[in-house]
Amino acid sequence: MATGRTHRPATRSRGIPEATVARLPLYLRALTALSERSVPTVSSEELAAAAGVNSAKLRKDFSYLGSYGTRGVGYDVEYLVYQISRELGLTQDWPVVIVGIGNLGAALANYGGFASRGFRVAALIDADPAMAGKPVAGIPVQHTDDLEKIIEDNGVSIGVIATPAGAAQQVCDRLVAAGVTSILNFAPTVLSVPDGVDVRKVDLSIELQILAFHEQRKAGEETAAGDGALPAAATREDSADQGPEGDVPAVMPA
């Protein structure tokens, strides 16, 4: 069975914590919106609110970048956009391949945000021979038989996997063998990769299940508030169906 691996971001060697790296895209998105409105400066409180974090955490994060702002003025928006973009490696063009051009892969190919954020879709790849040559988002789909050559010809180091779960590991192995060192995985499975390869997983069903859990909890709290506390006997009976922490089922649905 494939097992996940904990990856150490290269930026850690430069003293930037992983949690800070994860927030930099949030700051960049908020700053880009300000830049598009020609806002010259922004306070830490305003930027923190736009990014959804607290201002103390934002100031700490920016201290790792060597950016402290100016008292009474705030942060220079354009400079911060450049500084964060440089730290994230977005000041250069990153060619990306998308493997698996079903509904999700086609939607990703049509996503206009890649180009504006430093990523260029270099190739679309699919295992279905009937897809070969068909244009998606203006890019002709190529067959997986040519995957290694496509990677080499385009100098690709980032791959996106949007295949069914059963095919994802094999595709991952081929991407890695061809020289891809970073993978964004949309397939509903955990990939096993060697040291030196970073994987980010996007699983929409898991996110929805987490939201469902919170909705169920809120509904339960509303019911309890309306009916009053449950009798002790009922509470003990219900606890038999709860997990070891008493608030989640012992077995969650797959």
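Lysine 218 is a handy place to start: in this predicted model its relative accessible area is 41%, so it counts as partly exposed. Its side chain forms a salt bridge with glutamate 215, with the closest N and O atoms 2.7 Å apart. Glutamate 215 is partly exposed too, at 48% relative accessibility. Both sit in helix α9 (residues 204–227), and because they are three residues apart, about one helical turn separates them.

Take arginine 120 and aspartate 93, whose side chains meet at 2.9 Å, N to O. Arginine 120 belongs to strand β4 and aspartate 93 to the loop between α4 and β3, so this pair ties together parts 27 residues apart in sequence. Arginine 120 is partly exposed at 37% relative accessibility, and aspartate 93 is partly exposed at 44%. Then there's glutamate 148 with arginine 174, another salt bridge at 2.9 Å, N to O. Here helix α7 is linked to helix α8, the two residues being 26 apart.

Now step back to the whole chain. Its 254 residues, 33% of them buried, include ten helices and nine strands. Among contacts with a separation of 6 or more, 57% are between residues 24 or more positions apart.

Next, the inside. The largest nonpolar core has 21 residues, and those with the most contacts within it are Val97, Ile151, Ile161, Leu175 and Ile183. β3 (94–99), β4 (119–126), α7 (147–154) and α8 (165–177) each supply at least two of its residues, with α8 giving the most, four. How far apart are the end C-alpha atoms of α1? They are 28 Å apart, which agrees with the 27 Å that its 19 residues should span at 1.5 Å a residue. Just after α1, serine 38 takes a positive phi of about 60°.

Key
Residues are numbered from 1 along each chain as its sequence is written. This is a predicted model: local features need pLDDT of at least 70, side-chain atom pairs count only at pLDDT 80 or more; totals for chains, interfaces and linings use all residues. Side-chain values use heavy atoms; hydrogens and water are left out. Buried means under 20% relative accessible area, exposed over 50%, partly exposed in between (1.4 Å probe, protein chains only). Contact means heavy atoms within 4.5 Å. A nonpolar core is a set of buried Ala, Val, Leu, Ile, Met, Phe, Trp, Tyr and Cys residues joined through side-chain atoms within 4.5 Å. The expected span of a helix is 1.5 Å times one less than its number of residues. A salt bridge is a side-chain nitrogen of Lys or Arg within 4 Å of a carboxyl oxygen of Asp or Glu.
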